[in-house]
Amino acid sequence: MKHNRINTGAVLAALACVSFFASAAGTTGLDDASLRAMALEKFDGHATLSEIPVPEPTQLEDYVKDRDAAIALGKALFWDMQTGSDGQACASCHFAAGADNRTKNQLSPGLRDAINPDTVFDHTFTGNKGPNYELVLEDFPLRRLADPYDRESAVLHETNDVVSSQGTFGSSFFVTPVDPSRRNDECTPPVDSFFNVGGIAVRKVEPRNAPTVINAAFFHRNFWDGRASNIFNGINPLGERGLQAFDGGPEPGLLKVQWDGSVEKVQVRLDNGSLASQAVGPALSDFEASCAGRAFADLGRKLLDRKPLAFQKVHANDSVLGPWKDNSGSRRRPAKGLNSTYGDMVRQAFEPSYWSSSELFDADGDPLPEGSSEYGYSQMDVNFSLFWGLAIQLYESTLISDQTPIDAFMAGANDVLTSQQKLGFEVFLDKGKCVNCHEGPELTGATVRARANQPFGNEQSIERMIMGDNATAMYDGGFYNIGVRPTHQDLGVGDSLAGFPLSFARQEVFGPKIDDFNFDPQKFEIPGPIVPGERVAVDGAFKTSTLRNVELTGPYFHDGGQATLEQVVQFYNRGGDRRSQNCGDTSGFGNNCSNLDPDIVPLGLTKLEMAALVEFLKAATDERVRFARAPFDHPQIFVPNGHVGDQHSVTDSGDGTAVDDWVEVPAVGAAGRTTPLPSFEQNLASP
């Protein structure tokens with residue numbers, strides 16, 4: 001059942017009356033011990049994030065030889081601008097509290113609409129639009145109501161545009177067979193019909209907001225729609241989907257050296273691997289980091305002989321990369337990057353059976369035909385996706401922000417939360433209904449602990465319960481339609497991928513089933529066996545994001561439509577933004593009149609309670625994240641913040657692409673920054 005939907009105990013009922021009168025005065029009526037007891041009850045007995053084990057594959061030691069070396073490799077790959085086709089790294093969209101606080105060239109049109117994909121940029125509230133526009137605070141929220149406390153009030157402005165992250169220019173990758181020694185990406189000139197200003201190409205922008213990677217290790221599935229499978233196949237984000245033969249071709253797999261020295265193609269299935277599944281997606285995405293058509297074997301061949309972070313500074317006191325730093329330069333001209341190659345780092349981190357062969361193969365790992373003139377790939381090239389995914393997962397698994405005021409309060413410190421934040425905590429746990437989705441110390445219910453049916457979990461992968469229209473339906477646990485935008489504009493986990501539904505519930509009810517997940521139908525809120533063809537309410541549902549460091553990870557929701565926490569709280573207080581239509585509301589899609597989560601109702605919070613809730617959310621910030629202190633320190637990186645010019649005019653770099661406006665994010669060591677990380681809202685306020 002959805003966490004704590006039913007009354008959690010007589011002790012909470014006894015406290016409710018006192019609490020009601022105190023909240024009217026802007027303070028909680030609960031003493032610290034009672035508030036803590038209330039939270040423990042709601043958090044299923046878990047007080048702090050440090051109590052929750054960080055999930056990792058149970059078979060990890062079959063692949064990883066040296067964990068510390070793998071973490072170093074993962075951190076280097078995550079931050080290295082050499083990995084992208086045109087200067088993009090994983091960190092290019094996750095450099096600020098694990099998220100993205102840029103404000104220019106961050107708009108994308110309605111590309112994910114299930115009915116009529118939209119490539120037209122709509123005007124913002126200020127009357128501006130288009131690629132390379134620089135957002136300002138007045139543009140938010142993207143859907144403007146006459147009364148932000150009343151979802152039925154007049155709509156003053158709305159757009160289906162999304163605030164997200166800029167990536168590549170939209171070129172296509174090709175290999176130059178006459179020059180096999182050339183290992184830079186070879187890409188065609190960009191061709192794009194709508195990411196341009198005056199016919200000059202600008203960087204494309206992803207159709208969903210970039211969520212933080214900090215604490216993402218706890219998620220059962222990653223990406224907003226859950227397409228990064230909890231089973232890592234070593235190749236792509238698709239889990240079992242990515243291991244199926246395509247159009248009669250051979251089954252995908254990786255190369256492993258056998259006991260007799262021969263090399264065989266094997267299939268990999270690593271549990272608790274959604275971070276690795278997520279990591280291998282953007283590397284080849286022609287929106288995010290790659291020219292279209294590049295294979296992981298091409299990326300491996302490009303990088304393995306290279307010096308990691310060759311063009312970026314690494315701080316001498318980097319908490320992970322310090323011992324690997326290249327110190328060969330002079331005081332006046334210090335060397336950049338690390339003192340190794342990517343190939344040597346792979347050899348140190350991973351088992352030899354996955355890289356030690358001297359044979360050559362094609363990009364899919366199949367033997368080259370005898371006498372072939374094709375330039376082959378090494379075993380290490382072909383298996384580079386495995387090294388990339390696991391190394392980045394191990395690095396990101398160190399990015400756990402478990403030292404917040406909330407953790408300290410739950411551990412027994414009474415003076416770390418203000419009286420206003422304590423009231424906000426009470427609202428979070430009770431009247432605000434926040435805890436029903438943002439469960440436990442992870443502050444999200446989409447976790448391995450909750451959804452993988454582990455002994456210490458409390459939820460299931462799928463559920464049957466009463467939905468927002470007071471009718472019964474199946475849904476995916478941890479994924480909810482909260483009425484951010486009309487469902488048809490983005491189906492979320494209700495979409496399909498590689499011929500199979502993304503939704504576990506839809507697979508179970510309608511088929512075909514591809515993912516491996518467990519559940520007990522007698523533990524559903526509405527118990528009973530699955531009935532073939534019964535209602536499934538998953539369209540427009542998205543993964544519940546973590547609220548940790550939420551102060552620093554705006555803009556908010558999958559469309560990036562809210563810039564401030566105040567706007568987010570107003571959204572929930574008015575019962576979301578869905579509107580009545582036809583047989584249901586705008587959360588409906590197809591034959592399903594509504595997919596709305598039952599907790600998205602007008603909450604009736606006072607302005608004092610809303611302000612207190614905002615302040616409580618700020619108590620979810622780990623100061624190590626705010627100041628980029630270890631383990632959140634990092635190498636230098638340059639990120640494009642749009643292009644020289646504006647939405648009306650840009651400068652051509654000479655090849656049909658706009659000149660980037662690069663911004664330096666300086667290298668910091670374990671001690672972190674001297675100034676706090678600016679939030680998205682602060683960047684908007686000072687464009």
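I started at a strand pair: Leu 255 has Lys 265 in S10 as its bridge partner. Strands here are DSSP E runs of at least two residues, helices are H or I runs of at least four, and both are numbered from the N terminus. I'm working on a predicted model, where local features need pLDDT of at least 70 and side-chain atom pairs count only at pLDDT 80 or more, while totals for chains, interfaces and linings use all residues. Residues are numbered from 1 along each chain as its sequence is written, and side-chain values use heavy atoms, with hydrogens and water left out.

Back to the strands. S9 (residues 254–257) and S10 (residues 263–266) run antiparallel and are joined by four bridges; pairing takes at least two DSSP bridges. They make a hairpin with five residues between them, and Gly 261 in the turn shows a positive phi of about 90 degrees.

Next I checked H3 (residues 67–79). Its end C-alpha atoms sit 19 Å apart, which agrees with the 18 Å that 13 residues should span at 1.5 Å a residue (the expected span is 1.5 Å times one less than the number of residues). Eleven of the 13 residues are buried, so H3 is largely enclosed by the rest of the structure. Buried means under 20% relative accessible area, exposed over 50%, and partly exposed in between, with a 1.4 Å probe and protein chains only. Lys 75 and Trp 79 are among the buried ones. The cover includes helices H5 (296–303), H6 (342–349) and H8 (384–396), plus strand S21 (637–643). At the N-terminal end I found a cap: a side-chain oxygen of Asp 66 lies 3.2 Å from the backbone nitrogen of Asp 68.

Then Asp 381, in helix H7 (residues 379–382). Asp 381 is buried but has no salt bridge, with Arg 301 the nearest side chain of opposite charge at 5.4 Å; a salt bridge needs a Lys or Arg side-chain nitrogen within 4 Å of an Asp or Glu carboxyl oxygen. What does the side chain reach instead? I get the backbone nitrogen of Ser 378 at 3.0 Å and the backbone nitrogen of Arg 301 at 3.3 Å. Beyond four places in sequence, Asp 381 is in contact (heavy atoms within 4.5 Å) with Phe 296, Ala 297, Gly 300, Arg 301 and Leu 304.

Last, Val 509 in helix H12 (residues 504–510). Val 509 counts as buried because its relative accessibility is 7%. Its contacts beyond four places include Met 474, Ile 530 and Pro 532.

Conventions. Lys, Arg positive; Asp, Glu negative; His and termini not counted. Polar contact = N/O pair within 3.5 Å; in protein donor to acceptor, adjacent residues only side chain to side chain.
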